[in-house]
Amino acid sequence: MVEYPTLRPRRLRKNEHVRKLVAETTLSPNHLVLPIFVKEIGNSKEEIESMPGVYRYPVNEELIKYIEEVKENGVNSIILFGIPSYKDEIGTSAIKRDGVVQSALKMISETFGESIIKIADECMDEYTTHGHCGLVIGNQNGYRIDNDESLKVHADIALSLAESGADIVAPSSMMDGVVGKIREKLDAAGFNDTLIMAYSAKYASVFYGPFREAATSKPAFGDRRTYQMDPRNAKESLKEIALDVEEGADIIMVKPAHTYLDVIRLVKENFPHYPLAAYHVSGEYSMIRAAGQKGWIDEKVAMMEVTYAIARAGADIIITYFAQEIAKSLREGFTF
Ligand code: PBG
């Protein structure tokens with residue numbers, strides 16, 4: 001009879017140094033992407049009410065100063081979202097060569113050159129009065145999204161972003177065929193080196209709520225359930241990913257991240273040879289912030305635990321509003 005266990009997994013948890021030695025997952029700021037909102041109206045940054053610690057920036061020195069700070073903290077990739085001064089039915093402001101994101105891309109390129117990776121979200125919802133990610137036929141009494149006509153607009157937006165200096169364009173509309181159409185358009189214009197990061201498995205999620213306040217992109221009527229995925233489906237993500245890969249996506253994405261760890265794992269296992277991004281979205285961010293502010297949770301540890309969980313599930317790249325704070329924590333030697 002054995003009085004004491006001889007097999008002791010706890011030996012590997014003896015102290016933080018041993019735990020670090022055997023940790024299965026590592027995080028590096030190299031793999032973090034920080035979303036930044038840029039706005040056309042106003043000259044100073046403003047905090048987004050539903051996303052404490054996140055701001056909308058004007059395209060001026062304030063934005064440049066912020067990116068300098070981000071870089072100093074070790075984060076070298078950003079994804080830009082625009083809030084234009086003008087919206088219409090067809091999203092004209094998204095294509096303009098002097099649009100808000102296009103202007104930001106030019107300013108950032110002039111200041112930082114290649115030393116920061118500039119990703120541009122490619123979508124219509126922030127630029128349309130109806131707030132949908134495609135062209136709408138009909139109105140609040142009955143409507144549909146015209147998939148194929150929308151593709152042309154998306155390809156035009158992508159080209160203007162590439163021309164303005166985007167290293168990566170990131171179509172987030174979930175229109176069928178959008179990746180292929182954009183690849184074709186970019187290649188025809190000589191932008192063979194511009195990468196495409198596809199929001200391939202993007203779910204119709206309530207956790208985008210705070211973002212829609214931030215970007216003023218809440219649909220005026222209806223919802224996104226005819227283009228974004230059903231939260232009940234996991235296997236379907238493999239079909240969406242396969243199509244985007246076939247159409248030329250360089251980087252694939254699962255979004256949201258925290259709520260869809262199983263999907264991240266499933267996609268990584270089935271497409272191990274493609275870089276996989278996961279987007280820790282606004283609502284997932286704000287829940288941690290809110291609980292932290294109330295003193296119900298240790299915000300910093302929660303941030304790190306969730307981010308490690310996303311990496312552990314299989315994400316190579318993590319898009320997160322916490323990017324800068326995570327990089328800081330890592331530098332300060334954060335460990336469990
Ligand atoms: C669409 C887009 C959305 C997000 C990123 N790109 C909103 C949506 O699909 O409604 C959400 C990001 C977040 O919640 O942090 N342009």
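This is a predicted model: local features need pLDDT of at least 70, side-chain atom pairs count only at pLDDT 80 or more; totals for chains, interfaces and linings use all residues.

Visitor: Over how many bridges do S6 and S7 pair?

Guide: Strand S6 covers residues 135-139, and strand S7 covers residues 142-146. Leu135 of the pair stands opposite Asp146 in S7. The two strands pair in the antiparallel sense, and the number of bridges is 5.

Visitor: Which polar side-chain atom lies 2.8 Å from an oxygen atom of the ligand?

Guide: The ligand is surrounded by 18 residues, and Lys202 is among the closest, along with Arg212, Lys255, Ser282 and Tyr321. A contact of this kind is counted when two N or O atoms lie within 3.5 Å. At 2.8 Å from a ligand oxygen, the polar atom belongs to the side chain of Lys202.

Visitor: Which side chain has an N or O atom 2.9 Å from a nitrogen atom of the ligand?

Guide: Two side chains may be considered here. Ser172 places a polar side-chain atom 3.3 Å from a ligand nitrogen. The value of 2.9 Å belongs to the side chain of Asp125.

Visitor: How much of the accessible area of the ligand does the protein cover?

Guide: On its own, the ligand has 410 Å² of accessible area. The space that the ligand takes is the largest cavity.

Visitor: How many residues of the shell around the ligand are charged?

Guide: The shell includes 8 nonpolar residues and 3 polar ones. The charged residues number 7.

Visitor: Is the peptide bond from Lys255 to Pro256 cis or trans?

Guide: Most peptide bonds are trans. Pro256 is found in the loop between strand S10 and helix H8. For the bond from Lys255 to Pro256, omega is near -10 degrees, and the form is cis.

Terms used:
Residues are numbered from 1 along each chain as its sequence is written. Side-chain values use heavy atoms; hydrogens and water are left out. A residue is near a molecule or strand if one of its heavy atoms lies within 4 Å of it. A polar contact is a pair of N or O atoms within 3.5 Å; within protein, one must be able to donate a hydrogen and the other to accept it, and residues adjacent in sequence count only if both atoms are side-chain atoms. Accessible areas come from the Shrake-Rupley method with a 1.4 Å probe; for residues, only the protein chains shown count as cover. On a 1 Å grid over the protein atoms alone, a cavity is a set of points where a 1.4 Å probe fits but cannot get out, and a pocket is an open set with protein on both sides within 12 Å along at least five of seven lines; lining residues have an atom within 4 Å of a point. A molecule sits in a cavity or pocket if more than half of its atoms lie within 2 Å of its grid points. Ala, Val, Leu, Ile, Met, Phe, Trp, Tyr, Cys and Pro count as nonpolar, Asp, Glu, Lys and Arg as charged, and the others, Gly among them, as polar. Two strands pair if DSSP finds at least two bridges between them. Helices (H or I, at least four residues) and strands (E, at least two) are DSSP runs, numbered from the N terminus.
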